[in-house]
Amino acid sequence: MTRRPTRRTAAVASAGVLAATCLLTVPAEAASDNVTIRQMNKLITLEAVMGHLEALQEISDENGGNRASGLPGYAASVDYVVEQLEAAGYTPEVQEFEFEFFDERSELERISPEPRTYEEGSEFIRNDFDTGVPQGEATGALFAADVRLDAPGLPANTSTSGCEEGDFTGMAPGSIALVQRGTCGFAAKVLNAQAAGAAAVVVMNEGQVGRTGLVGMIGDATGLAVPAVFATFDAGASLAATPGATVRVEVDFTADTRTTYNVLAETRKGNPDNVVMAGAHLDSVHDGAGINDNGSGSAALLETAIQINRQNLKNQVRFAWWGAEESGLLGSNFYVPDLTQEERDKIALYLNFDMVASPNYMFGVYDGDNSGGTAPEGFIPEGSAQIEDVFEKIYTRRNQPFNDSEFSGRSDYGAFIAEGIPAGGLFTGAEGAKSEEQAQLYGGLANVPYDPCYHGFCDNLTGDGQDDTIYDALRAEYDLVGNVNTKALDINADVIGSAVLTFAYDTSTVNGVKPRR
């Protein structure tokens, strides 16, 4: 359950009033012992950030094609970040925590005719029977057991498919049985199919309103020994309507408890009682290298950390690379509650960078002032609007457009705002489609996802697995390296460095704390 954010101190509230009329000044010129924003932008180069991404891609290539928490690619990614931080003069902390590891590898495919692979999670899911989930794989001729494709026009529970022994008359042993939801329970259907000699079972939804999508197959299926999956009505119908189909079903997954890591590092200088935190999740999904999501944010943050540790800062900066974000924001949700209240009170603000180089990008800034009206009242901590102002001013100084990005808490900043800590960040878009208006502002393709490879294998630097029609059109306009838009990455790396350095000098408009002299 998501906790509602608490109100900060009176100093924070008064700071919000002050900031309404006085935007935090971005230093263009500073004292001789401090670097300026312009100088920082020169120090953080696209070449260096791309070097980090190349290292992450190589790690993925050498470790099964991903960098997911709980797997070797993530451990190697942690080692890389730690090595880079140590070389830059940090003493990084690697924070261990346990989490429930899950890796779904189940498959459903039509081998012939017209081969087709069905999407796990949207077109089919494996069974989840109370009495155990048999794993295994089987390929065989499809046998549709009294399946009715006209079910959408009939009342619910019209189908008796798989409920009676006679439904399997004529089915050859080793077949893949296709049965349909309705009348009797899921367990009865799959056990009847197994008893009739099926090597695997596909249960399709019935087809009426409310009975088309995916539902979990639960119940007492004691004795089930063959793999069984549940498919949408459309997926099942496409199998049933294919004469002579050969189908493959595999139920394969891993579920256990594993150890993973957050990486934390603090600058040598700056007020330790007024800490600026900046973070990015380091892990990928299981299906790919995760180069945009979120190698891009991790790499830009890493280069910012390398360059900023050499500066004479007013406020201490603490960098974080989070583990198991893709498993449910677990790294940040372990870190923040583990702090004492005194430690949390020392965090002036948190900046989050999750996907900052989407190929069909927009420049999204977390909507800290809720001008879009998408956040409930009291959800956004005081001071977040002033963080948004700083990002917007930096984009404006660079003559770049920007858009509000919903302040939802659905990335690692969620754990911070739950404790009333002001937050902000950047986002260049995921599976959502770019609007016509945004295409006018940024270029690119309207009505196409910001990241067509979101959570996919093709989120890499090589371009393998990409849709050539989409990516050829994007490459005609942008310099893409695999799934990375280098224009967006170059600009955002500078914006990240600028924002972190700005708050490293002064957080007064956010929390009312004046910089030490």
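Reply: A definition comes first: Ala, Val, Leu, Ile, Met, Phe, Trp, Tyr, Cys and Pro count as nonpolar, Asp, Glu, Lys and Arg as charged, and the others, Gly among them, as polar. Please keep in mind throughout that this is a predicted model.

Me: How do the residues of the lining of the second largest pocket divide into nonpolar, polar and charged?

Reply: The second largest pocket holds about 510 Å³ of space, and 24 residues line it, with Ser405, Ser408, Arg410, Phe427 and Ala430 lying nearest its centre. Strand β15 (residues 403-405) gives the largest share of that lining, three residues. Sorted by the classes above, the lining of this pocket comes out as eight nonpolar, eight polar and eight charged.

Me: Which element supplies the largest share of the lining of the largest pocket?

Reply: About 690 Å³ of space lies in the largest pocket, and its lining of 23 residues has Glu104, Arg105, Glu120, His286 and Asp287 nearest the centre. By class, that lining holds five nonpolar, eight polar and ten charged residues. Both β1 (93-104) and β3 (116-118) supply at least two lining residues each, while the largest share, four residues, comes from β1.

Me: What kind of aromatic pair do Phe99 and Phe101 form?

Reply: The structure holds 21 aromatic pairs, and a pair of aromatic rings is described by the distance of the centres and the angle of the planes. Phe99 and Phe101 are both buried. Their ring centres lie 6.2 Å apart and their planes stand at 80°, over the cut-off of 60 degrees, so the pair is edge-to-face.

Me: How many residues apart are Trp322 and Tyr350, and what kind of pair do their rings make?

Reply: The ring centres of Trp322 and Tyr350 are 6.4 Å apart with the planes at 55°, so the pair counts as tilted. Trp322 belongs to strand β12 (residues 315-322) and Tyr350 to strand β13 (residues 347-353), so that the pair links distant parts of the chain, 28 residues apart.

Me: Which charged residue lies over the face of Tyr361?

Reply: Tyr361 belongs to one aromatic cluster together with Phe363, Tyr395, Phe402, Tyr442 and Tyr478. Elsewhere, the charged end of Arg126 sits over the ring of Phe253, 3.8 Å from its centre. Over the face of Tyr361, at 5.4 Å from the ring centre, the residue is Lys434.

Definitions and conventions. Residues are numbered from 1 along each chain as its sequence is written. This is a predicted model: local features need pLDDT of at least 70, side-chain atom pairs count only at pLDDT 80 or more; totals for chains, interfaces and linings use all residues. Side-chain values use heavy atoms; hydrogens and water are left out. On a 1 Å grid over the protein atoms alone, a cavity is a set of points where a 1.4 Å probe fits but cannot get out, and a pocket is an open set with protein on both sides within 12 Å along at least five of seven lines; lining residues have an atom within 4 Å of a point. Grid points are joined across faces, edges and corners, and a volume is the space filled by probe spheres set on the points. Rings of Phe, Tyr and Trp (its six-membered ring) pair if their centres lie within 6.5 Å; planes under 30 degrees apart count as stacked, over 60 as edge-to-face and the rest as tilted. Buried means under 20% relative accessible area, exposed over 50%, partly exposed in between (1.4 Å probe, protein chains only). A charge sits over a ring if NZ of Lys or CZ of Arg is within 6 Å of the ring centre and within 35 degrees of the ring normal.
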